[in-house]
Amino acid sequence: MKTPKQLAWAVGLAFVVPIIVIIMLANYVSSSSKPAAGSEALEAMAVAARIQPIGGIELKDMNNVATLKTGEQVYQAQCAACHASGAAGAPKLADLAAWGPRIGAGLEALLASALKGKGAMGAQGGGDFSDFEISRAVVHMANQGGAKFDEPKAPAAAASAAAN
């Protein structure tokens, strides 16, 4: 810097250039996140997706056996969380030594424990399955542990068999 004029220009540009760069960066960063009227953010489908309900209600027809889960499906969905690893003292699937005394108590005792809860296991294992589906899962697990229990009869089939 040889003259005061050069010094004034250097000091002026040292303040102005960073301010211009900061303003340009701020505009670049913030421009894409603000949807304008007429953009996709305000379309009916986008609004409907944002305000949709979080949960739903599922109604099961207990007379339609096809909608009911099998014992293995219920086991995989609910019971395997503890019975696959033996968590909280749950007997592991197919562990003959652990299931032997429980099978000796009978299917009714096993089913009562599953439906009402026992030890660390809550009622129905904390699930939302019907009593019939839980009984299918109990039979599935007990049979894997050495029992020879028959598959429970479907509610509609049991009612029609009782009428005959």
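Start by selecting His140: this residue is buried, with a relative accessible area of 18% (buried means under 20%, exposed over 50%, partly exposed in between, using a 1.4 Å probe and protein chains only). You are looking at a predicted model, where local features need pLDDT of at least 70, side-chain atom pairs count only at pLDDT 80 or more, and totals for chains, interfaces and linings use all residues. Residues are numbered from 1 along each chain as its sequence is written, and side-chain values use heavy atoms, without hydrogens or water.

His140 sits in helix H6 (helices are DSSP runs of H or I with at least four residues, numbered from the N terminus). Leaving aside residues up to four places away in sequence, His140 touches Gly71, Glu72 and Tyr75 (contact means heavy atoms within 4.5 Å).

Next, show H3 (residues 71-83) and H6 (residues 131-144), which pack at about 70° with axes 8 Å apart; axes are lines fitted to C-alpha atoms over the stretch in contact, and angles run from 0 to 180 degrees between N-to-C directions. H3 is therefore roughly perpendicular to H6 (65 to 115 degrees). On the H3 side, select Gly71, Glu72, Val74, Tyr75, Cys79 and His83; they meet Glu133, Ile134, Arg136, Ala137, His140 and Met141 in H6.

Finally, move to the largest pocket, lined by 28 residues, with His83, Ala90, Pro91, Lys118 and Met121 nearest its centre. A pocket here is an open set of points on a 1 Å grid where a 1.4 Å probe fits, with protein on both sides within 12 Å along at least five of seven lines; lining residues have an atom within 4 Å of a point. H3 gives the most to this lining, with 5 residues.

Notes
Helices (H or I, at least four residues) and strands (E, at least two) are DSSP runs, numbered from the N terminus. Angles under 35 degrees count as roughly parallel, over 145 as roughly antiparallel, 65 to 115 as roughly perpendicular and the rest as oblique.
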